[in-house]
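Please keep the sequence and the structure in view while reading.

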Amino acid sequence: MRIFLVRHGESLGNISDQAYRQFGDHNVPLTQWGYRQALEAGRVIASYLEGLPATELRKQSIWYSPYLRTRQSKDALLEALPNALIEDVREDYLLREQDFGLFTEIYDHAEQKRKFPEEFEKWARLRNNSGKFYARPPDGESRADVAQRVRLFLQTVMHDAKNGKNNVIIVGHGVTNRAFEMNFLHHSVDWFERSDNPGNADVTLIEGTLEEGYTSVLLHKAADRVAGQTELREAYGSELTVTPKAEP
């Protein structure tokens, strides 16, 4: 069995928190740079598959989160992968991004504390007392909540595998992809707490057999921006940009 975990490419939200206010988390698009990142991830997967022995080459089932940035990343993968290697392409809402509740559009802790002081203090106490994995942002999901719903999605993947669909590409988000790897490889909560989210358009490969066990490896580390690099910051497919924050 082979599972490729692909995080979406760079989005407008990755270069400016203002994008979440302007578009809503579910509708934040890739940047032009992010689409190119996802294209390259697709080429890496295609090259890997084409290098396998003919007896091991199988068609891929592609699953993706319904958020715009993951749908666009999926489109980039499909552009790079040969049609002959694609079995089917399906969306699953269980792969969506972690819900940060009141903090969805506010990623700066100082601003969270200023706008929602009581809720922020309660969340901070939960993080200190229970750990980041279990603490829910106000009206949102904890990482444990995300891991639970990803485990439900894993049941679908394993059901498909019993019917011969055991080669999978999953296009998701940082926390959801990490939660999938945790569940599939039976990693501990401590592993999750110590590990980092994959970078934009990074590809993690999980492979092995039930009898011999499974391993994971970072198959592809995408090229990130360097300091001062400003090109290709527009939204993919349009001239949209993030509206600058109004001065108070």
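A residue is called buried when its relative accessible area is under 20%, exposed when that area is over 50%, and partly exposed in between. By this rule, E141 and R149 are both buried. The model discussed here is a predicted one. A search of the whole structure finds 16 salt bridges, and some of them are described below.

**A buried salt bridge**

- E141 and R149 form a salt bridge, in which the closest N and O atoms are 2.9 Å apart.
- Both partners of this pair, E141 and R149, are buried.

**Salt bridges within helices**

- In another salt bridge, E40 is paired with R43, and the closest N and O atoms are 3.5 Å apart.
- E40 and R43 are separated by about one helical turn, because they stand 3 residues apart in helix α3 (residues 32-50).
- E40 has a relative accessibility of 35% and therefore counts as partly exposed.
- R43 is also assigned to the partly exposed class, because its relative accessible area is 46%.
- D190 forms a salt bridge with R194, with the closest N and O atoms 2.7 Å apart.
- Helix α9 (residues 189-194) holds both D190 and R194, which are 4 residues apart, about one turn of the helix.
- D190 has a relative accessible area of 45% and is partly exposed, whereas R194, at 56% relative accessibility, counts as exposed.

**A salt-bridge network**

**A patch of negative charge**

- On the surface, D99, E118, E119 and D139 gather in a patch of negative charge.
- One of these residues, E119, is found in helix α6 (residues 117-130).
- E119 has a relative accessible area of 30%, so it is classed as partly exposed.

- N183 lies in helix α8, which covers residues 174-184.
- Is N183 buried or exposed? With a relative accessible area of 8%, N183 is buried, because this value is under the 20% limit for that class.
- Apart from its neighbours within four places in sequence, N183 is in contact with A147, V150, R151 and L154.

Definitions and conventions
Residues numbered from 1 in each chain as written. Predicted model: local features only at pLDDT ≥ 70, side-chain atom pairs only at ≥ 80, totals over all residues. Heavy atoms only, no water. Patch = residues over 30% accessible without salt bridge, like charges linked within 9 Å, V, L, I, M, F, W, Y side chains within 5 Å. Areas by Shrake-Rupley, 256 points an atom, 1.4 Å probe, with all protein chains shown as cover. Salt bridge = Lys/Arg side-chain N within 4 Å of Asp/Glu carboxyl O. Lys, Arg positive; Asp, Glu negative; His and termini not counted. Charge placed at Lys NZ, Arg CZ, Asp CG, Glu CD. Helix = DSSP H or I, 4+ residues; strand = E, 2+ residues; numbered from the N terminus. Buried < 20%, exposed > 50% of the residue type's maximum accessible area, 1.4 Å probe, protein only. Contact = heavy atoms within 4.5 Å.
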